[in-house]
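Work through the exercises below with the sequence and the structure in view. Each task is followed by its solution.

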Amino acid sequence: MSENTNIRHIISAADFSQSDLRDLFTLINSIKEAPHHFSSTLSNRVIATFFCEPSTRTRVSFESAIARLGGACISVADGATSSNAKGETLEDMIRTVGGYADAIVLRHPEDDSAERAACVASIPIICAGAGARHHPTQALLDLYTIVEARDRLSDLLIVVAGDLMHGRTARSLIELLAQYEGNRFTFVAPPQCTLHPDSKAVLDAHKMAYREVPTLEDALVDADVLYMTRLQKERFADKTAYERARGTYSLSSTNVDQLPQDAIIMHPLPRNEEIDSAIDADPRARYFTQAHNGLFVRMALLATLFETEANTMS
Ligand code: NCD
């Protein structure tokens, strides 16, 4: 979590240290075991969810988390129905909503939207997706899903496949996994959307070993975690480049046989054609568990944010 004056925000996965992550995972486990103990954590709190881009899992799991913590939720589920459509700036919208809520969960198409919102906000901003750049809460639920399934976060071989240029989930997850010793990465991406230079810089800064290979078949045999992502069609400036990239890295019921038996298959969802639905019944497929974990992770994040605030005020 990052701090701007005395307000805590959740903007970037990179703001979480290993010790923050350990505390968060302990809290998630407590919430999973006894959710009723947390049912009044947000009583008398109003949380705004403000989504200027499409979303199913992120928005609905946040709203469910708010409800299960006893809070109330006010929501803009579509930028087209807000004053965004009348040309209002992000800053003005954040200042305004700040008068109605105790925190804002924000999804916005611009890479620096969460930082900009935090600069003017009088209440915590929780980034729920900022352009092609940040998706911290997704990365946290991805990391939790990995540790839950593999019992460790270090010495893993992680294969990340798909749109590594425009995909904010892969970028954010790399920022977390690069903190743990002994991890190695294999990246598989169509030539139109290979690993983002910022991700390379993160990996180099942490001295992480990685390689880039052209096909999934070159990557699967020794993977511990396979993290698939869709092509971010909406972020391709050139739609013919998108068409050329389609279908170049699909996981099928044939090539999935190359994946070790104890590997896990993840995907932030929504999927397009990159995972054959026949694989859903494979015990290694964890993407729906991963989406379900999003609820507990977001409950834990909200609980941490407001618990800290209550402690500061007392
Ligand atoms: C992702 C996103 O919005 O970045 N979805 C999600 O939040 N689970 C991934 C995607 O849209 O491909």
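A polar contact is a pair of N or O atoms within 3.5 Å. This is a predicted model, in which local features need pLDDT of at least 70, side-chain atom pairs count only at pLDDT 80 or more, and totals for chains, interfaces and linings use all residues. Residues are numbered from 1 along each chain as its sequence is written, and side-chain values use heavy atoms, with hydrogens and water left out.

**Exercise 1.** Find polar side-chain atoms that lie 2.8 Å from an oxygen atom of the ligand.

Solution. Start with Arg168: one of its polar side-chain atoms lies 2.8 Å from a ligand oxygen. Next take Gln232, where a polar side-chain atom is also 2.8 Å from an oxygen atom of the ligand. The protein covers 94% of the 320 Å² of accessible area that the ligand has on its own (Shrake-Rupley method, 1.4 Å probe).

**Exercise 2.** State how the shell around the ligand divides by class.

Solution. First list residues around the ligand (a heavy atom within 4 Å); among them are Thr58, His135, Arg168 and Pro268. Then sort the shell: it has 3 nonpolar, 5 polar and 3 charged residues. Here Asp, Glu, Lys and Arg count as charged, while Gly is among the polar ones.

**Exercise 3.** Where does the ligand lie relative to domain 1 and domain 2?

Solution. Take the bounds, from an automatic or database domain assignment: domain 1 is 2-135 + 292-312 and domain 2 is 136-290. Both domains give residues to the shell, so the ligand lies between them.

Technical notes:
Polar contact = N/O pair within 3.5 Å; in protein donor to acceptor, adjacent residues only side chain to side chain.
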